[in-house]
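Subject: Structure handover and notes

Hello,

Here is the structure for your records. My notes on what was found in it follow below.

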Amino acid sequence: MGEVIGSVDIDHLVLAAATAAQGATSRTVLEAVEAEFLGKRSELAGAHRSLGSMDEQARKSAGAVLNAARVQIQQAIEECRVGVEAAERSALLEADRLDLTEVVSSSIASPVRRGHQHVISQTQAELEDVFIGMGFTVADGPEVETDWFNFEALNIPPAHPARGMWDTFYLELGEPETVVLRTHTSPVQIHLMEDAVANDTLPIHAVMPGRCFRRDTPDARHLHTFHQIEGLVIDRGMTFVDLAGVIQTFTTAYFGADISSRLRPAFFPFTEPSAEYEITCTICHGEGCRTCSQTGWIELGGCGMVDPAVLHAVGIDPEEYSGFAFGFGIDRCAQMRHQIADMRALVENDLRFVEQF
Ligand code: DAH
């Protein structure tokens with residue numbers, strides 16, 4: 001038992017105060033502990049009051065003991081105050097926390113998950129941007145066409161062997177009109193030229209993206225439903241050099257300077273001369289693989305100088321105007337740009353594929 005002053009056991013009091021302070025979980029509790037052990041009505045204050053009845057010698061030594069006890073109690077409380085305040089602050093921060101990185105489960109936030117554009121749509125937009133940058137406008141045309149637009153005006157008369165190249169899904173056969181799902185975007189050329197003649201708005205510098213359909217069996221490079229971007233320039237004095245320049249500029253802008261392209265002589269009824277446009281296969285870098293049928297090249301489309309017979313068909317004088325046209329596969333462009341070995345992946349809707357773009 002320690003020193004007793006005015007019936008207060010001082011050591012016991014200091015210990016009790018320290019224990020109470022350590023048990024305090026908030027500043028409010030700690031302030032109550034402070035009032036209880038150091039306040040006017042505390043035992044310590046009572047012991048202080050008892051000093052008055054002591055003789056001078058005893059008062060001096062008891063006073064020193066009481067002061068030392070007060071300092072010890074104050075220190076114990078101060079030490080605990082630091083901890084209590086830190087704990088209160090972090091509790092407050094925790095309660096106030098706004099975690100901007102938190103992923104809210106979609107089933108809680110909304111039953112609908114936000115998606116993004118499919119890689120084909122992204123590719124179409126990028127291709128449009130490249131051509132807009134070169135001064136082209138973007139035009140649209142119907143996916144269902146009559147025989148005139150899809151074939152005849154493009155210099156492909158009935159029973160012409162070239163129709164075999166575009167075997168299609170017929171919606172109506174013969175009377176009153178043959179109607180097909182368009183096999184290419186070339187019929188939009190006819191719409192644009194007829195409109196330009198009717199409205200007297202030649203020249204034309206346009207690209208025409210859209211969906212096309214062919215009775216093809218899907219494989220690594222073919223889909224029965226696919227996309228093309230058609231290009232048409234009708235102006236005075238156009239030559240094959242203008243066509244080659246546009247294609248070269250496009251290749252560099254879209255695929256980058258290290259991709260080579262080539263034009264190979266070909267036949268299309270609506271262009272003369274005609275060419276096939278090919279780039280180095282990006283899957284095998286020209287080595288030869290399954291995707292490019294071991295050739296090292298991938299055909300992206302056709303092109304050529306608009307055949308005078310086509311200009312005649314729409315009422316444009318081939319002596320005054322000439323032009324060139326091209327038609328590229330959008331899906332093929334996406335395939336080569338992103339090195340997609342098998343084009344069927346584009347339409348299988350496997351999210352592990354779709355979410356990569
Ligand atoms: N329409 C052709 C096809 O789908 C591609 C084509 C070739 C388009 C030559 C053109 C062109 O505009 O001039 O096979």
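L300 is buried, at a relative accessible area of 3%; buried means under 20% relative accessible area, exposed over 50%, and partly exposed in between, with a 1.4 Å probe and protein chains only. This residue belongs to strand β11; helices (H or I, at least four residues) and strands (E, at least two) are DSSP runs numbered from the N terminus. From the C-alpha of L300 to the C-alpha of T19 there are 84 Å in space, and the two residues are 281 apart in sequence.

Some conventions before the rest. The model is predicted, so local features need pLDDT of at least 70 and side-chain atom pairs count only at pLDDT 80 or more, while totals for chains, interfaces and linings use all residues. Residues are numbered from 1 along each chain as its sequence is written, and side-chain values use heavy atoms, with hydrogens and water left out.

The ligand

The ligand sits in the largest pocket. A pocket is found on a 1 Å grid over the protein atoms alone, as an open set of points with protein on both sides within 12 Å along at least five of seven lines. A molecule sits in a pocket if more than half of its atoms lie within 2 Å of the pocket's grid points.

The ligand is surrounded by 16 residues, and the closest are H184, S186, R214, Q228 and E230; a residue is near a molecule if one of its heavy atoms lies within 4 Å of it. By type, the shell holds six nonpolar, eight polar and two charged residues. Here Ala, Val, Leu, Ile, Met, Phe, Trp, Tyr, Cys and Pro count as nonpolar, Asp, Glu, Lys and Arg as charged, and the others, Gly among them, as polar.

Which side chains make polar contacts with the ligand (a pair of N or O atoms within 3.5 Å)? A polar side-chain atom of H184 is 2.9 Å from a ligand nitrogen. For a ligand oxygen, the distance to a side-chain N or O atom is 2.9 Å at Q228 and 3.4 Å at W166. The protein covers 94% of the 360 Å² of accessible area that the ligand has on its own, by the Shrake-Rupley method with a 1.4 Å probe.

Backbone points to check

Most residues other than glycine have a negative phi, and most peptide bonds are trans. The peptide bond from L202 to P203 is cis, with omega near 5 degrees, and P203 lies in the loop between α8 (187–199) and β7 (204–213).

Positive phi values occur at S7, near 65 degrees, and at N155, near 70 degrees. S7 is in the loop between β1 (4–5) and β2 (8–9) and is exposed, with a relative accessible area of 70%. N155 is in the loop between α7 (147–150) and β5 (170–172) and counts as partly exposed, at 30%.

Lastly, D307 is in the loop between β11 and α10 (308–314). D307 is buried, with a relative accessible area of 14%. Its C-alpha atom is 8.0 Å from that of P273, 34 residues apart along the chain.

Regards

How values were computed: A polar contact is a pair of N or O atoms within 3.5 Å; within protein, one must be able to donate a hydrogen and the other to accept it, and residues adjacent in sequence count only if both atoms are side-chain atoms. On a 1 Å grid over the protein atoms alone, a cavity is a set of points where a 1.4 Å probe fits but cannot get out, and a pocket is an open set with protein on both sides within 12 Å along at least five of seven lines; lining residues have an atom within 4 Å of a point.
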